Amino acid sequence: MKFRLITLAAVLCSQMSLAQDSVIFRKISDEIMLHGTCYENLRVLCKGVGNRISGSPAAAKAVEWGKKNMKTAGADSVWLQAADVPYWHRGSESLLIKAGNGQYKKVSALSLGNSEGTGGKVLEAKVVMVANYDEFKALPESAVKGNIIFFNYKFRQDFIFTFQAYGDAVKYRWGSPSIAAAKGAAGVIIRSMSTGADDFPHTGSMHYTDSIKKIPEMALGNISADSLEQYCKRGTVKAKMQSECHITDKPIRSYNVIGEIKGSKYPDKIITVGGHLDSWDVGEGAHDDGAGCAQSIEVIRAFKALGIRPKYTIRAVLFMNEENGLKGGQAYADSAAAKNEHHALAIETDAGGFAPRGMGMEMSEEKKDKIRAFQNLFLPYGVYDFSNDEGGADISAIQKKLNVPVAGLLPDSQRYFDVHHTNNDVFEQVNHRELKLGATVLTQFIYLVSEHEIF
Ligand SMILES: [Zn+2]
């Protein structure tokens with residue numbers, strides 16, 4: 001009987017606590033949906049600064065934007081953390097295609113980030129199409145030598161969670177030039193990492209294997225890639241590739257922007273929430289990842305505006321150089337290790353400013369279960385998926401170095417790879433309610449893990 005009474009008391013207590021949590025959840029939601037400033041902040045970043053590749057003058061301007069907005073949000077302290085970053089510069093570029101005896105026609109293409117160009121000269125060569133690496137391996141060296149290889153690997157539309165399709169296809173962007181050059185190829189064309197039913201080419205990072213010749217790589221939008229596929233099936237195709245892109249040898253001093261609220265009970269335990277401030281040099285870096293930066297600042301603003309002082313210290317971090325080097329994430333991890341900081345949890349928001357659907361978690365099953373016990377609290381906000389293992393690129397260094405549990409905001413993924421790394425990733429593509437709802441869920445999640453001392 002005594003046991004039953006204790007059980008009953010425990011159940012009542014936990015239900016009362018859930019009811020209190022749901023009231024706070026509502027307050028956080030009302031504050032952000034009615035008074036949130038993240039959308040307006042994002043407008044200023046996109047329209048006032050624009051795209052901001054690491055090392056560029058625009059990236060330096062974005063650092064100033066971040067510092068100013070962290071202060072306005074009411075952070076107890078705001079500081080910059082140095083990170084030395086590479087600077088990749090695009091310059092002029094063009095890709096022309098000729099089918100059979102026809103005329104050369106310009107197609108819309110983008111060089112891939114970190115790639116070396118043609119030195120501004122025109123590289124004219126035959127195009128050889130393969131569907132995947134197996135087909136490439138089967139080609140004799142004579143079919144590759146001196147030619148431009150078109151890796152026509154298709155971004156799979158059958159994956160419903162589009163990050164899965166990205167994970168499946170992205171190796172063709174990342175590693176194809178060295179694979180092709182090892183067999184004597186002169187250049188590489190890829191099909192963009194794109195779900196889009198359009199012709200926007202998508203840039204993104206690639207890398208070269210040391211000791212193998214660095215050949216240029218360009219990406220085509222889906223419509224151009226479909227045409228090139230048809231031309232290649234019909235007969236001989238030639239291409240003229242010209243590009244000036246290159247990476248500067250000397251790193252450039254840049255910064256992460258950090259704003260902090262000191263914890264009320266555990267000031268030495270830190271929960272990080274962040275996105276990345278740099279973007280590619282096309283579009284406005286609105287979804288990727290101006291949205292995540294604006295949301296991270298919003299978390300600080302919402303706690304301050306509501307007068308909620310979380311038990312743990314909350315740090316919003318705008319990381320530099322996620323796209324082509326991860327130097328900001330590394331600098332953050334190195335500093336945390338050098339200062340012997342206690343990082344309880346790191347959360348990333350870098351999957352677009354779309355309506356939130358879940359939180360990814362990489363941590364012990366015990367911690368995941370503790371969080372999942374509260375997952376029904378998120379249902380009224382459209383968030384139901386706590387099944388994925390997703391953290392984020394910027395927080396991967398601290399995860400590895402200090403064994404920090406990580407989490408990532410998971411928005412609806414259907415449209416992210418339409419705009420990701422394109423000229424179409426602009427402010428107008430972001431919906432103000434969806435952006436604010438993402439910030440709401442991040443704030444609620446942080447409140448929950450802090451209030452219940454889960455870490
Ligand atoms: Zn990103």
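Student: At what angle do helix H2 and helix H3 pack in this predicted model?

Tutor: Helix H2 covers residues 38-49, and helix H3 covers residues 57-73. Their axes lie 10 Å apart, and the packing angle is about 160°.

Student: Is H2 roughly parallel or roughly antiparallel to H3?

Tutor: The angle between the two helices is about 160°. Angles over 145 degrees count as roughly antiparallel. Therefore H2 is, relative to H3, roughly antiparallel.

Student: Which residues of H2 and H3 make the contact?

Tutor: H2 passes H3 in a right-handed crossing. From H3, the contact involves Ala58, Lys61, Ala62, Trp65 and Asn69. From H2, the residues are Asn41, Val44, Leu45 and Val49.

Student: How many residues does each domain give to the contact between domain 1 and domain 2?

Tutor: The protein chain is divided into domain 1 (25-87 + 250-451) and domain 2 (89-247). Taken over C-alpha atoms, their centres are separated by 33 Å. The contact takes 21 residues from domain 2 and, from domain 1, 17 residues.

Student: Which residues is isoleucine 300 in contact with, leaving aside its neighbours within four places in sequence?

Tutor: Ile300 is among the core residues that touch the most other members. Beyond those sequence neighbours, the contacts of isoleucine 300 are Met70, Ala73, Gly74, Ala75, Gly259, Ile261, Ile314 and Ala316.

Methods
Residues are numbered from 1 along each chain as its sequence is written. This is a predicted model: local features need pLDDT of at least 70, side-chain atom pairs count only at pLDDT 80 or more; totals for chains, interfaces and linings use all residues. A nonpolar core is a set of buried Ala, Val, Leu, Ile, Met, Phe, Trp, Tyr and Cys residues joined through C-beta atoms within 7 Å. A residue is buried if 20 or more other C-beta atoms lie within 10 Å of its own, exposed if 12 or fewer, and partly exposed in between; C-beta atoms are placed from the backbone. Two residues are in contact if their C-beta atoms, placed from the backbone, lie within 7 Å. Axes are lines fitted to C-alpha atoms, for helices over the stretch in contact, and angles run from 0 to 180 degrees between N-to-C directions. Helices (H or I, at least four residues) and strands (E, at least two) are DSSP runs, numbered from the N terminus. Angles under 35 degrees count as roughly parallel, over 145 as roughly antiparallel, 65 to 115 as roughly perpendicular and the rest as oblique. A crossing is left-handed if the near helix is turned anticlockwise from the far one by less than a right angle, and right-handed if clockwise. Domain bounds come from an automatic or database domain assignment.
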